[in-house]
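Reader: Hi! Could you walk me through the salt bridges and the core in this one?

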Amino acid sequence: MSDKREKSSDNEMTFFEHIEALRPHLVRGVMALIVVMIAAFIGKKFIIDTILMGPQSPDFPTNRWLCDFSYAVFGDNRVCINQMKFNMVNTALAGQFNLHMQVALATAIAVAVPYLLWEIWRFVVPALTEHERRKSRMFVLYVSLCFFAGLCFGYFLIAPLSVSFFAGYQASPEITNMIDVRSYLSTVLSVSIACAVVFQLPLLVYFLARMGLITASFLRRYRRHALILLSIISAIITPPDIFSLLLVVIPLYGLYECSILLAGRVERQKEREEAAENVAGPAA
């Protein structure tokens, strides 16, 4: 299929030719999702009981570390979270089966991200120049690393804080919490995936800088505006307390500063490339 596309490179491909070229990549991507989803469906005990239920357990690494820190620094349990597991309920007849299917699908999407990105890259690469191919060769690796770094950040830090805050919050002592399992799992999944998306910021800045849409000086000029925006994003994906907010804002602002350095590096690289072209032009 790639040969067919390369042979057609001299002539612009029609819409249906693009669809035909995309079809095998979509088929392989869907097949990969199905295979991983079946494996996730079979391994429900590990995925649901160990991974997704982990943030509400006292034995979860983050919960243990915060409690150890609390006793070491304050001498009491003021920073301890999720020290008592709570019971969850299911209120729908097919609720647990539907939940099982949704968890398997979410797991398949998360695990298959590198392969899906690789299929996207394989579809796009025939349309790139040789120089662009060399530059985009590490695209899948970088996006996958940022995705899984954000996923781990959300899962190990934001998810247990969110669970602790919302499970312990009481608008009135007359109200008893009966936590629905779908609500719990959607919280863990949503905050983890939200962090995975937000951690794509440096790559987004890199591509925008390559296209000349933003510059390092632009990012420096709007530092304070960016801090406000990042604080709003952090407030959306975290519990409404200052401790959780700071735990998210600080790493996100660190990513913003890294993005400034990355944009500056892209600008210098483009200047060197333009200088090399100018030198090569008169020589030719």
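Author: Happy to. One term to begin with: helices (H or I, at least four residues) and strands (E, at least two) are DSSP runs, numbered from the N terminus. This is a predicted model, where local features need pLDDT of at least 70, side-chain atom pairs count only at pLDDT 80 or more, and totals for chains, interfaces and linings use all residues. Residues are numbered from 1 along each chain as its sequence is written, and side-chain values use heavy atoms, with hydrogens and water left out.

Reader: Thanks! Where do Glu119 and Arg122 lie?

Author: Both are in helix α6 (residues 113-124), three residues apart, about one turn of the helix. The term means a side-chain nitrogen of Lys or Arg within 4 Å of a carboxyl oxygen of Asp or Glu.

Reader: Is Glu119 buried or exposed?

Author: Glu119 is buried, at 2% relative accessible area, while Arg122 is partly exposed at 26%. Buried is under 20%, exposed over 50%, partly exposed in between (1.4 Å probe, protein chains only).

Reader: And which residues are linked in a network of salt bridges?

Author: Arg28, Glu119 and Arg122.

Reader: Switching topic: how many residues has the largest nonpolar core?

Author: That core has 40 residues, and Val103 and Tyr184 are among those with the most contacts inside it. A nonpolar core is a set of buried Ala, Val, Leu, Ile, Met, Phe, Trp, Tyr and Cys residues joined through side-chain atoms within 4.5 Å.
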